[in-house]
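Here is a short briefing for a first look at a structure. It covers loops, backbone exceptions and a nonpolar core.

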Amino acid sequence: AALQALRAFAEENEISLEITSPEDGSVVSDPSVLVKGTTVANADVFVNDAETKADKDGNFKVNIDLEEGGNEIFVTANDVDGNYAEGSVKITLNTE
């Protein structure tokens, strides 16, 4: 019980987060894009309006829909201890 109380007062720390796909600044022609990356094991991951969970190795992936033109993809990961990380990439959808 003492450990849990101590953990509750620990400062929030940033955890690792890497967005491996899509590449920042890329141009795509498909309005649906697979966002992939790595963070800590079993973290809750939010990609714009989509929610997923990282696997035991910290890998995550989720499909999101894009709008024509510039799109910013925001990714946030939270672990069970309340630690978090944020990242983003900008990509362009060009369907013409």
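N42 sits in the loop between β3 and β4. Strands are DSSP runs of E with at least two residues, numbered from the N terminus. This is a predicted model, where local features need pLDDT of at least 70, side-chain atom pairs count only at pLDDT 80 or more, and totals for chains, interfaces and linings use all residues. Residues are numbered from 1 along each chain as its sequence is written, and side-chain values use heavy atoms, without hydrogens and water.

**Backbone exceptions**
- Most residues other than glycine have a negative phi, and most peptide bonds are trans.
- N42 has a positive phi of about 60°.
- N48, in the loop between β4 and β5, has a positive phi near 50°.
- S21 and P22 are joined by a cis peptide bond, with omega about 0°.
- P22 lies in the loop between β1 (17-21) and β2 (27-28).

- Buried means under 20% relative accessible area, exposed over 50%, and partly exposed in between (1.4 Å probe, protein chains only).
- N42 is partly exposed at 40%, and N48 is partly exposed at 35%.
- D57 is exposed at 54% and belongs to the loop between β5 (50-53) and β6 (59-65).

**Nonpolar core**
- A nonpolar core is a set of buried Ala, Val, Leu, Ile, Met, Phe, Trp, Tyr and Cys residues joined through side-chain atoms within 4.5 Å.
- The largest one has 21 residues, and V35, V47, I64, I73 and V75 touch the most other members.
- β8 gives the largest share, four residues.
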